[in-house]
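Trainee: Could you walk me through reading domains and interfaces in a model like this one?

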Amino acid sequence: MEVDREDGRSQNQLRPLACSRNILHRAHGSASWSQGDTKVLAAVYGPKAGTKKNENPEKACIEVIWKPKTGQIGKPEKEYEMILKRTLESICILTVNPNTTTSIIVQVVNDDGALLPSAINAACMALVDAGIPMKHLAVAICCCLAKSGYVILDPTKLEEQKMKAFAYLVFPNSVRSVLPEGSLRVEGEPIENGIITSVTHGIMSVADYFYCLERGRAASVKLSDFLRRNLQQQSTDSSKAG
Amino acid sequence: MGLPNANGDLSTEVEVDAFRRLFPLHFYEKHLLESISPDARPLGRARETTIALGAVASANGSALAKIGSTTMLAAIKMKVMTPSLETPDEGCIVIDFHMPPICSPIVRPGGPAEAAPVVAKQLSDTILSSGMINLKELSLVSGKAAWMAYLDIYCLDADGALFDTALLSAVAAFSHLEIPVPVVSLNDDGKIVLSEEQGLSDREPVNKEKRKINLSSIPFSLTCVLHKNYILADPTAEEESIMDTIVTVVLDSSSQLVSLHKPGGTVLAYTSAIQDCIALTRQRVKELQKILEEAISGMEVD
């Protein structure tokens, strides 16, 4: 089905992605992530000694501070902080540095749709830049459902507002392994099909949600390839310098 | 203290309560193996739920909802206000969720609890996007006056599944809501002003009956906790703190998915787990609909 999107993209096409790491020199790790016009800056400080009051001291603790582009910090920012914190806690190996706190500060530079997924991607790259031990990367994507039933990926802000419903989905990155394919499956599905985080807005039918999941998984494979190339390139650059 | 037994744990040497405090995860895993939770519920069943309508007499609509020990009090107060220019014939609903220190030892005075703004935002998104209330029903005079409903939900006891209980109390409060009779009067500038009924006023009311608001496609939710291959429905606060992967599914009465909220968590959710959670939620929606209808018909008999 031909779908007319304002910027001429097809249904499954993502906006141009750009990611650069190590841009802030005081922070232990930093990354800037942009998807089209949406741009987010993330900085990581840590691990620092001590955990916050109600947190388990036998594990590392993650603290997220979300800074909006304009305006005061309110409930939406607190919700984003909670979702980011739980998502990043599930990808980091928390038992390596117990009784420490890692702070992640996310600054919104421009919001043109798919803000939370961009922030998750930026925070994940900043954690890689800081060298925090992780099990796998978190690859985040936004899927929108229109009234007529088709699904588009990576919407702009105008598209998000016109759509019936949208879902932010976060998957682990795709696995490239020397082991035979069958051995890495859990319950008959490859690891990258598992959902780390899912946040939906608006009403959709259950079948539509599963359709969004399929599309999201396909897109996360493309995003994983982009991340892999980006990380390999920058690591070969720094090894040449050293 | 005794020595570890053949399984390598102290389960036969230590009293049950002490084992529960010292090794909470092992305690729960022993129960999950038998497909039961420590309070003798089967894994897919939620705790006992009750709704009491009209708990706050001075509010226009109110309800007290309890799921197990988690208790939420919701109250709605209506005020007349001018609608915004973009939506001149729609009213407005403002939802606020409070966690006073009475609800849990983790919450201390001097600042909102961490969970409070998150649950408040989730509630407002769910109630407004589910289309349960048609905002046009809250309009009085197009462009000049409309009702603004302030919904306040207070958590009196936080024992897990806060969002489920809060949503249930909000829905019950809306089903109990009676929109008051507005009074037309001339204010000092000679303009026509609509206000709520004043007890001692001798002016003519616009319409004599208090009306109930029309609710379509009411949303109901179920929170589940995922641990390895098990799905435990309606966790208590202890279970939520030990097993950190929480999935909340909100379905409306026509089985449309209003929200599927899974904020991170160590366990990855595959398609089968999600389908199981949605199936458990469907059953729960039927249970909750029945409980809500019984509560409403109980009130009407009075």
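Mentor: Happy to! The UniProt record, an unreviewed entry, lists "domain: Exoribonuclease phosphorolytic" at residues 46-180 and 218-280 of chain B; such positions are given in the numbering used here, feature names are shortened, and annotations may be inferred rather than shown by experiment. This is a predicted model, where local features need pLDDT of at least 70 and side-chain atom pairs count only at pLDDT 80 or more, while totals for chains, interfaces and linings use all residues. Residues are numbered from 1 along each chain as its sequence is written, chains are lettered from A and ligands numbered from 1 in the order in which they are written, and side-chain values use heavy atoms, with hydrogens and water left out.

Trainee: Which domains does the domain assignment give for chain B?

Mentor: Domain bounds come from an automatic or database domain assignment. Here, domain 1 covers 44-177 + 213-297 of chain B, and domain 2 covers 179-210. Contact means heavy atoms within 4.5 Å, and eleven residues from domain 1 of chain B meet six from domain 2 of chain B.

Trainee: How much area do domain 1 and domain 2 of chain B bury between them?

Mentor: Buried area is the accessible area (1.4 Å probe) that two parts lose on being put together, summed over both. For these two domains of chain B the figure is about 700 Å², with 76% of it on carbon and sulfur atoms. On the domain 1 side, M78(B), V80(B) and W147(B) supply 50% of the buried area, more than any other three residues.

Trainee: How many salt bridges are there between those domains of chain B?

Mentor: A salt bridge is a side-chain nitrogen of Lys or Arg within 4 Å of a carboxyl oxygen of Asp or Glu. Between domain 1 and domain 2 of chain B the count is zero.

Trainee: And how many does the rule find across the interface of chain B and chain A?

Mentor: There the rule finds two salt bridges. D96(B) forms a salt bridge with K75(A), with the closest N and O atoms 3.2 Å apart.

Trainee: What is the area buried between chain B and chain A?

Mentor: About 3,100 Å², of which carbon and sulfur atoms give 58%. In chain B, K121(B), L257(B) and Y270(B) lose the most area to chain A, together 21% of what that side buries. By contact, 37 residues of chain B touch 35 residues of chain A.
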